[in-house]
Amino acid sequence: MNTHCTTSIAYHHSPILKNTTPSLFNKSGILTLYASNPIPRRQTNVLTLLTRCSQKPEINTNSETRQNSVAADDEPGSTPNPEHPPTTKLGDDDSLSSSSSLSLPCSSRGLVFDLGPSGSWDSRDIGSPVVKRFLSDDEERWYMWYHGSSGQNPGSDSLGLAVSSNGIHWERGFGPVRSAADVGLVMNVGQDWWSFDTLSIRPGEVVVMSSSKVKASSAVYWLYYTGEVFSRSLPGLAISQDGRYWARIEGDHHSGALFDVGSDGEWDSLFIAGPQVVFHGSGDLRMYYHSFDVKSKQFCIGMARSRDGIKWVKLGKVLGGGKAGGFDELGAVNASVIKNKKDGNYVMAYEGVDGDGKRSIGIAVSSDGLREWRRVDEGDAVLRRGEEEDAWDNQGVGCPCLVQMEGGDVDGEWRLYYRGLGNGGRSGIGMGFSRGSDISNFRKWTGFQS
């Protein structure tokens, strides 16, 4: 596959990524940016390649690779040899046996992926789940890319990969990946002094694309991510053939980012974060990202469009703050957008910020994925932080990732993966599920149906 001319590509054999979402407001609407402390990083083995090429990649419109669920035969990377149980149906809360060994205690409700063991690359913090399901006639395979950090590098997140056969029980790695069938740390922050991502990186979306001249089995992963340097974040792009070894693609910005912040006075003049890309049609890719509008004192989600996935044109804001006193009164960040396979509408899960800076998750829908977004459930949150004093996610939930399930008893059901924060700032990754195709309410995973 070819990319734009004179592209600098760096393969990272030891990886890294960061939750760069600029953090909270106070009640007066003042934005506080939390910058990571620059901490010396361990040396990594880096092979830098310079390529010259003439063609831009195209989208393979003959496969549904844009969706979270795609055919396993089209999945380009190899995986370890996990077990392949039949598709798991999630039961209603009242149908789960509280005495069953497969049920979770109330304090762990929703939790499906905890911090790594002591000394691992992700032992201190995890989040930003990007989950993909690959489905075939005889098996299902799940990939989850996420950010993580260790006690050795607490201010610098890394990008890792975990795999699963059911989206609930995950296989993870202690350190950097060593082969195309391994799991663990897969990408480091940038090493070039001028790069936009030398301080931190975090995943936004992974899109499976291919050239029109090659089969889907030869497709590549396109990772859209947030890079941070000097407390300012910008969007970046990297590609991979197996989801483990990544090559950065330089954008038009002098730092290598895909595009810059807006001019002074524009709504996105402070930073660009959370790039999430949807393939709408041939020559039409759509990126949803968030920033902070100084004028309205709200976090907002905006949109850009592209023909090739590399050069982008901004279209402006598409979603701002919600109703007064609501869970998203101070705005919306970290959008996860997919096209509903049942009705063709677009569904957006997003992280809402309330008047105290607390985070919950809401849903909005649109017929065309452009500006006409409507909040569901009268603008209320569809997933909130845990209410129990010892709940693992009682301080907030966010960074949503939607997956629309297909096949068997789960056809039409939705899963919602998210980052949760608990007492002491301890983080984890949780999962909620819908009642059939109803996206107005998600219940947290409590165990297998008895």
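Strand 14 and strand 15 (residues 284–293) pair in the antiparallel sense, over 6 bridges. The model is predicted. The two strands belong to an open sheet of 4 strands, in the order 14-15-16-17. A search of the whole structure also finds 19 salt bridges.

**The sheet**
- Pairing in this sheet is antiparallel.
- Strand 14 (273–281) and strand 17 (313–319) are the edges; each has a single partner strand, so one side of each has no neighbour in the sheet.
- Neighbouring strands are turned by 30° against each other on average, direction ignored.

**Q276**
- Q276 sits in strand 14, and its bridge partner in strand 15 is Y288.
- Q276 counts as buried, because its relative accessibility of 3% is under 20%.
- The C-alpha atoms of Q276 and S336 are separated by 6.5 Å, although the residues are 60 apart along the chain.

**Salt bridges**
- E205 and K132 form a salt bridge, with the closest N and O atoms 3.1 Å apart.
- This pair links strand 10 (residues 200–209) to strand 5 (residues 125–135), across 73 residues.
- E205 is buried at 3% relative accessibility, and K132 is buried at 4%.
- R248 meets D197 in a salt bridge at 2.8 Å, N to O.
- R248 lies in strand 13 and D197 in the loop between strand 9 and strand 10, so the pair ties together parts 51 residues apart in sequence.
- R375 and D328 form a salt bridge, the closest N and O atoms being 2.8 Å apart.
- R375 is partly exposed at 23%, whereas D328 is buried at 0%.
- D284, R286 and R305 are linked in a salt-bridge network.

Key. Residues numbered from 1 in each chain as written. Predicted model: local features only at pLDDT ≥ 70, side-chain atom pairs only at ≥ 80, totals over all residues. Heavy atoms only, no water. Pairing = 2+ DSSP bridges. Axes fitted to C-alpha atoms, helices over the stretch in contact; angles between N-to-C directions. Buried < 20%, exposed > 50% of the residue type's maximum accessible area, 1.4 Å probe, protein only. Salt bridge = Lys/Arg side-chain N within 4 Å of Asp/Glu carboxyl O.
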